[in-house]
Amino acid sequence: MTETNISQDKRLVEAIANGTVIDHIAPGQAMNILRLFKFLGRSKKNRMTVGFNLRSSDGSTKDIIKIENVTFSPSETEQLAILAPNATINQISDYKVVDKYKLRLPPEIIGAFACPNSNCITHVEEAATSRFKISKTADGKVMMRCHYCERVFEREIVLKTNGLEP
């Protein structure tokens, strides 16, 4: 790839003045992030750039989301880690990266995802907020154990149950 082509590739995604860049999202997960956080329905003040199947520096593909004037809370960051455990968050201020960190799976996530077990008490008791313990298997699969029914589900099953694609 020539120097000219590299600079042209980088210009495909516009810089933002202030906000958040979610980089290194697994291909196909950007849409889930947009759905989960309802980014498409937010205020028109939040300009957004979304890239799908972009070339990463290591030759693989990735998705990326740049959204102006948005900062993630700790609980939103935990939800994001379930969807994109290998993503990187870049906090932007005045066109500069002021904070950069890799997402880590939380030990537990509360209230973000419904339990796939239709007999779970969280589906009938209003006071029972969904709660999952998060773990990883030796081969890297993300597993989610419901606090109430104690059933263990692969991350993909929980995502499908919640209208998201794994």
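**Close-up views of a predicted model**

**View 1. Surroundings of Cys115.** Apart from neighbours within four places in sequence, Cys115 is in contact with Cys120, Thr122, His123, Phe132, Cys146, Cys149, Phe153 and Thr161. The model shown here and in the views below is predicted. Cys115 sits in the loop between strand 6 (108-110) and strand 7. With a relative accessible area of 1%, Cys115 falls below the 20% limit and is therefore buried.

**View 2. Surroundings of Cys149.** Cys149 lies in the loop between strand 8 and strand 9 (152-154). Its relative accessible area is 24%, so Cys149 counts as partly exposed. When residues up to four places away in sequence are not counted, Cys149 touches Cys115, Asn117 and Cys120.

**View 3. The annotated binding site.** An unreviewed UniProt entry places the feature "binding site" at Cys115, Cys120, Cys146 and Cys149. These positions are spread over 35 residues of sequence, yet they cluster in space, with a largest C-alpha distance of 8.8 Å. Contacts among them include those of Cys115 with Cys120, Cys146 and Cys149, and Cys149 also touches Cys120.

**View 4. The annotated domain, residues 108-158.** UniProt, in an unreviewed entry, lists this span as "domain: Aspartate carbamoyltransferase regulatory subunit C-terminal".

**View 5. Strand 1 and its partners.** Strand 1 pairs with strand 3 in the antiparallel sense over 5 bridges; here Thr20 has Ile67 of strand 3 as its bridge partner. Strand 1 also runs antiparallel to strand 4 (residues 88-93), and 5 bridges join the two. On that side, the bridge partner of Asp23 is Thr88 in strand 4.

**View 6. The largest nonpolar core.** This core has 34 residues, and those with the most contacts inside it are Ile22, Ile33, Phe113 and Phe132. At least two core residues come from each of strand 1 (19-25), helix 2 (29-36), strand 3 (61-68), helix 3 (74-83), strand 7 (131-136), strand 8 (142-146) and helix 4 (155-161). In soluble globular proteins, nonpolar side chains tend to be buried together.

**View 7. Surroundings of Ile22.** Beyond its neighbours within four places in sequence, Ile22 is in contact with Ile33, Asp63, Ile64, Ile65, Phe72, Leu80, Ala87, Thr88 and Ile89. Ile33, one of these contacts, is also among the core residues with the most contacts inside the core.

Conventions. Residues numbered from 1 in each chain as written. Predicted model: local features only at pLDDT ≥ 70, side-chain atom pairs only at ≥ 80, totals over all residues. Heavy atoms only, no water. Core = buried A, V, L, I, M, F, W, Y, C linked by side-chain atoms within 4.5 Å. Buried < 20%, exposed > 50% of the residue type's maximum accessible area, 1.4 Å probe, protein only. Helix = DSSP H or I, 4+ residues; strand = E, 2+ residues; numbered from the N terminus. Contact = heavy atoms within 4.5 Å. Pairing = 2+ DSSP bridges. UniProt positions renumbered as here; feature names shortened; annotations may be inferred.
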